[in-house]
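User: Hi! Could you walk me through how the chains touch in this one?
Analyst: Happy to. Let's look at it together.
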Amino acid sequence: MVNFGYTTLPTHIHDMDKADLGLADSISFEDSSFNLCIACGSCTSTCTAGAFTNFSFRQMCHQIKRGENSQAIAESEKCMLCGKCTLACPRNVNTRNIIRLVRKANQTI
Amino acid sequence: MSKTVAIIGGGIAGLETSIQLEKLGYDVTLYEKDKALGGHAGKWDRLFPNRRHATEVIDSLTSRIKDKVQINLAATVNQIKRENGSFLVEANGKSQKADAIVLTTGFELFPANKKEEYGYGIFENVITSAELESMFSSNGKPLMTNGNNPAKVAFIHCVGSRDEKVNRPYCSKVCCVTAVKQAIEVKEAIPTSDVYCFYMDLRMFGPGYEDLYKEAQVKGVNFIRGRLSETSEMEGGRVLIKAEDTLSSKPLKMTVDMVVLMVGMSPLPSTEKLLKDLEITPNNDGFVQVKDYHLEPTHTEADGVFVAGACTGPNNITDSVNAAHTAALEVHKYLTSE
Amino acid sequence: MNLHAVQIPFHPFVLPFTIGLIFLVFYIVGKWIYWVSQFSWEDKKKIIRGFFSLKTPQAIWEVFMESLLHRKVFRRNALLGYMHMSLAFGWFLLIVFGNLETRFFTHGRINPPYIPIFFEFFEHDLTSLDYGRFFTFTMDLLLLFVLSGVGLAYFKRFRSKPLGMKNTTKHSTIDRLALTALWLIFPLRLLAESVTAGLYDAGGFITNSIGTFMMTFLPIQHFYYPSWWAYSIALGAFFVFIPFTRYMHIPTEILLIFLRKYGIVEKAIHSTYTQVELSSCSRCGICIDACQLGSDLGIVSTQSTYLIKSIRYDQPTEKLIDSCMACTRCDQLCPVGIDIASIRANERKMIQLFQENSYKYINGYEYKKAKVAYFAGCMGHLTPSVYKATLALFKKAGVDYNFIDRDGSICCGRPLQLAGQEDAAKQLIEKNIKLIENCGATVLVTSCPICAKVFTDSYKLKIPIYHHSQYLLMLAKEKKLKFEKSDLQITYHDPCELGRGLGVYDEPRELLGMAGKLIESANSRENSLCCGGSLGITNISHEQRNTIASITLSELAADKADVVATACPLCKKTFKSASENVRIADISEIMLDAVQENANKIQSEFVQEKEIETIHN
Ligand SMILES: Cc1cc2nc3c(=O)[nH]c(=O)nc-3n(C[C@H](O)[C@H](O)[C@H](O)COP(=O)(O)OP(=O)(O)OC[C@H]3O[C@@H](n4cnc5c(N)ncnc54)[C@H](O)[C@@H]3O)c2cc1C
Ligand code: SF4
Ligand code: SF4
Ligand code: SF4
Ligand code: SF4
Ligand code: SF4
């Protein structure tokens, strides 16, 4: 196994050979707008919850795309479903629906 | 009898097409709805990539137009009809015959008040990149509404571009480099100022553009990777802006003296009417659909109708000039093959 | 047969009808007793108290108006109303008159129920008796009345457009059987009575003429017994089917009307009342037609009646529960008055997405101190021209206000409620109540109908709550604001949460009337369309929302109006994203333009638009 020297800090690298992308796949199957994010951060900076805590919708989606599912699911709980991000997103990502899908994944885990 | 070509729009593309067709021996009728030639470029102060004055370019073009070009100023073409293989072009209530048409109607600046959350038209000191150009032309520097020099200026990329919420999903190409150019100019005009560019991607696609980006970095322009989400007004006409600093994954707020919105290039709504007359369908973004993006970039679906410049989509002056050359040659081929 | 005989006449063909009727009566009475016994003690007390009050005669009146005359259906569509009315009221009159007739001719004897139903069989020729012609005539007329309804019902199955219905409900097998039985009852009655009338040269103007006519070419003496048997079987079968089909709605609606009159309402979770409501749905399909998901997007299997059906017979899927904008348009139109919105909301509550402590991170936050507190809400921060115009008007009126959530707020909780997350919403509501109480305000004004809705329904604040349109109207009435009317043509869009949600229809109109000329669109007030931006639904795309918004905008007769006025930041954003050709402005912006000293001055964003375009192009 070639490790490219990534042996010392396994928690600090994305090992995409081992990443669990099941959640990402199921979310993009349910709502393909999940794939459209261009990481502009509008959702995060407008976020009502983000004014009180370090919750970031953008980052949550990104974590799922890199297989960091449990972190993402734990984060998603902070969302208030207010819908502001939906209005801000330039790519029409269906943000509230994605939050609901992530929360539902929480139930099945 | 020599043949007549009608050119709709007297911007860069229209001027260059007129010059070339005149050289090829055609009678050219140039229509321009404004009182002056030059189009949008005529309103800019200095141009990227080399920051020469825009007037130099416009003057050079207008001086090369000779008397076989009939120039109609303040003449908006509002109808084009086909008649026995030629065209009837109507402007100011008068119709004139033409054997071929070149559409060089250009673009419209994205109306920035459509992004209400950015505060344009609502908060003082939220201006567009085009307004900043005028400030440079008239004052040599940006000024706040109270006459002061702005100490902190934020450039907001992609306003009315890459934004599905305003139905402009495409990239306007020139605004990244324009922002960088203007950021440098602000730094030069007001050396004590802090200048920030809020971008999603920096699209420096042309010759000398990346150099401008480097120059801006050297001059101390700050780049923040994040898109503006909302604005709010503070005392003294200052503006509070919010974006995420996506590179550090933290929301960011900043109070600035001036917000410059890098408005995109949008399809000109009045062109749509002409396209309908000529039975040409616009492309997905609303610009003129060319016949073949690779091989016939200045043809349209309609016989005898050619196109050049920003009415086919966002472009820069070089693109407009290149397209104008091609279009002139294609018109010549079309009129001689008959 | 001797009418005066003490012995009551009988024939075996009456058995199917009689057995069916006995079964049905027992079933309904049993079911009603069961339902009532299942109610909570509180509700039972309400029923008892209500029973001995004026509410009972009121309920009887309503049963008459709605279950028999179908007044609400009539209002929606006269032809559809007539269909329902002729079937229900016509049948009712047949029964009443049949009984009167029998009583009359049997000199007040108490008869078993089959006698009036099959009276013609037992007494062929009434015409020779006193008043006989009157009764036969009336009964024939009533039969014709009912048959016209049956005819319309056939017609509706095949072509429902003229009845104002774009969609009719889909049926299950047993429903179809019951429907067939119902459709056969009256034609068979006509046949049996005509045959009898033909054979005995009796009957009224219809049965007699049909009977005599049939005799000319048919051996109708052979039809005599079979036709009465068939009529009885159709009736009996229909009665037996009722409890297992949608026709259970006929008796249940009556119970529902009484219960509602006695003050029983939907609870925070499904209750026995829900059971009654579920069985009261007639599947008339009015809710299907009301729904923009169907008419605009072609989503035609998730409307209220389908939800009701699936809760009643099996388990609704998550998709079915989620696919609704919670616009409550159907809720307002349901002729039975089923609280569809609460039923769906309660279904949504069954999936808990958040935890008890989801929002524990909110602490140490304060709103600004204020006398008159202005609250823009989350969305309001994305429409700065709305709050700027509102506050400019407050300033002009000399209101001592503060923009309490200028630095942001926590969400009001309504979006979570709409998603069925009641417990999570409660966490936010509790925190928000404290924040609002701490700011010391005596009045709370918000620009967001979504906030206004939850503030009013769930906050129990001790201070009055206004939507900005209401508050600005008050200021105008107190002469603190003076407007100059222009000839601006305005259509007003009722936001769902403000209109149907809070019943605020008049204030915005009155206010706008001071600025210009108000044009009403075809669907306004209770019937107004949703803008498509609704927070009540998550599983449609932005493109689908745009489609709804464009259709709603064109319905708003936008081509006739200079401006479409909204009173909700979300509606404004949704409309603006869908169309560039229509001017859309919040009520506050329009009013700011109309303030006396501002009239003719360029103030609001949409007027500036033109200027800007001419400068830069
Ligand atoms: C803020 C900004 C800065 C820019 N800076 C640079 C730069 O520094 N360097 C560079 O290379 N490019 C720059 N560009 C791009 C440049 O402006 C365009 O490439 C160029 O203007 C395109 O020229 P055009 O003739 O195709 O269109 P336009 O400039 O739009 O000209 C079209 C003309 O047609 C006329 N017209 C339209 N319809 C009709 C009608 N029906 N009848 C009669 N007349 C009509 C219009 O009035 C207009 O004058 C910039 C763009 C922007 C938005
Ligand atoms: S819906 Fe959730 S993620 Fe989006 S802005 Fe509101 S709180 Fe933030
Ligand atoms: S606003 Fe949309 S595109 Fe931007 S980061 Fe959020 S989800 Fe992605
Ligand atoms: S050129 Fe740059 S600023 Fe302009 S639309 Fe493209 S990415 Fe945005
Ligand atoms: S819910 Fe109401 S409107 Fe819908 S089908 Fe049932 S009775 Fe008709
Ligand atoms: S509430 Fe609105 S969206 Fe939901 S079913 Fe009724 S009409 Fe359709």
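Predicted model: local features only at pLDDT ≥ 70, side-chain atom pairs only at ≥ 80, totals over all residues.
User: Which residue of chain C forms a salt bridge with A:Lys104?
Analyst: That partner is C:Glu318, and the closest N and O atoms are 2.8 Å apart. A salt bridge here is a side-chain nitrogen of Lys or Arg within 4 Å of a carboxyl oxygen of Asp or Glu. Residues are numbered from 1 along each chain as its sequence is written, chains are lettered from A and ligands numbered from 1 in the order in which they are written, and side-chain values use heavy atoms, leaving out hydrogens and water.
User: How much area do chain C and chain A bury?
Analyst: About 2,600 Å², with carbon and sulfur atoms giving 60% of it. Buried area is the accessible area (1.4 Å probe) that two parts lose on being put together, summed over both. C:Leu353, C:Tyr361 and C:Thr538 supply 27% of the area that chain C buries against chain A, more than any other three residues.
User: Switching over, how many residues are in the contact between chain C and chain B?
Analyst: Chain C gives 24 residues and chain B gives 28, with contact meaning heavy atoms within 4.5 Å. Chain C and chain B bury about 2,200 Å² between them, and 41% of that is on carbon and sulfur atoms.
User: What about salt bridges there, how many?
Analyst: The rule finds 4 between chain C and chain B. In one salt bridge, the side chains of B:Glu117 and C:Lys573 meet at 2.5 Å, N to O.
User: Which helices of chain C each supply at least two residues to the side touching chain B?
Analyst: Those are H21 (384-396), H27, H28 and H30 (605-616) of chain C. The largest share, 6 residues, comes from H30(C).

Terms used:
Helix = DSSP H or I, 4+ residues; strand = E, 2+ residues; numbered from the N terminus.
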